[in-house]
Amino acid sequence: MSQTYTSAAEIADLPPEQAHMLGQILLEEGGFARLSAKDQALVCAIAHRVHSTQDANEAFELQTTFGQRLADRVAEVGGSWGFVISFGIFLFIWAMLNLVILHGQARFDPYPFIFLNLILSMLAAIQAPIIMMAQNRQAEKDRLTTRMDYEVNVKSEHEIAELRQHLAQLHEKLDRHLAKTT
């Protein structure tokens, strides 16, 4: 067999005998073994007509640890308007306390606000890596979603090709039946 097949649809368009023969060649020549484990599982699922679609969010949440969920929550809160507004209010109150309300020696952080700068630096040093962890997890989730979409697309392609083949067979039967009756 010298033809090269570039998509699952081309293979699915083959008559059943040829598709079976191609499958045998793949097995005999080790083509199946060269596929990744995920692709082998996908081919087996299609061959056995297993419906393995699942919700990517649900599948991803099943494998999360407490630390990962905490990082997601910190990123969610730290990246919200509520946090920005409340932190702005906190900074305003801090400045008003040290500039206007408290007088003389009672000020705990006079004008250049060195203590406030220290607190903000420490907060940024802790918050930035946590937000990056959450972004990395989101990227992993996106990759999982993409993989699941790919699997659904391959299965759909295969099913559509089978439906086209079945419709062609029905069309042939109808043509033969009409030819007999005329």
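The entries below go from the whole chain to single residues.

**Ground rules.** This is a predicted model, where local features need pLDDT of at least 70, side-chain atom pairs count only at pLDDT 80 or more, and totals for chains, interfaces and linings use all residues. Residues are numbered from 1 along each chain as its sequence is written, and side-chain values use heavy atoms, with hydrogens and water left out.

**Whole chain.** I looked up the secondary structure and got 7 helices and 0 strands, in the order α-α-α-α-α-α-α along the sequence. Helices here are DSSP runs of H or I with at least four residues, strands are runs of E with at least two, and numbering starts at the N terminus. I then checked burial: 18% of the 182 residues count as buried (under 20% relative accessible area; exposed is over 50%, partly exposed in between, with a 1.4 Å probe and protein chains only). For contacts (heavy atoms within 4.5 Å), I took those with a separation of 6 or more, and residues 24 or more positions apart account for 65% of them.

**Helix α7.** I compared its length with expectation: at 1.5 Å a residue, the 68 residues of α7 should span 100 Å, and the end C-alpha atoms are 97 Å apart, which agrees. The expected span is 1.5 Å times one less than the number of residues. Buried residues in α7 include L116, Q127, A134 and R137.

**α6 against α7.** Helix α6 covers residues 81-101 and packs on α7 at about 160°, with the axes 12 Å apart. α6 is therefore roughly antiparallel to α7. Axes are lines fitted to C-alpha atoms, for helices over the stretch in contact, and angles run from 0 to 180 degrees between N-to-C directions. Under 35 degrees counts as roughly parallel, over 145 as roughly antiparallel, 65 to 115 as roughly perpendicular and the rest as oblique. The crossing of α6 and α7 is right-handed (near helix turned clockwise from the far one by less than a right angle; anticlockwise is left-handed). I listed the contact: F83, F87, F90, L91 and W94 of α6 meet F115, L116, I119, L120, L123 and Q127 of α7. By class that gives 10 nonpolar, 1 polar and no charged residues. Ala, Val, Leu, Ile, Met, Phe, Trp, Tyr, Cys and Pro count as nonpolar, Asp, Glu, Lys and Arg as charged, and the others, Gly among them, as polar. W94, A95 and N98 are buried in α6, and α7 is part of what covers the buried residues there.

**The loop between them.** F113 sits in the loop between α6 and α7. Its phi is near 55°, a positive value in a residue other than glycine. F113 counts as buried because its relative accessibility is 15%.

**α5 against α7.** The axes of α5 (residues 66-78) and α7 (residues 114-181) come within 8 Å and cross at roughly 110°, so α5 and α7 are roughly perpendicular. This crossing of α5 and α7 is left-handed. Q68, A71, D72, V74, A75 and G78 of α5 meet Q127, I130, I131, M133, A134 and R137 of α7. By class, this contact has 7 nonpolar, 3 polar and 2 charged residues.

**One residue up close.** Which residues does A75 contact, leaving aside its neighbours within four places in sequence? I found I131 and A134. A75 and I131 are 56 residues apart in sequence, with their C-alpha atoms 4.9 Å apart in space.
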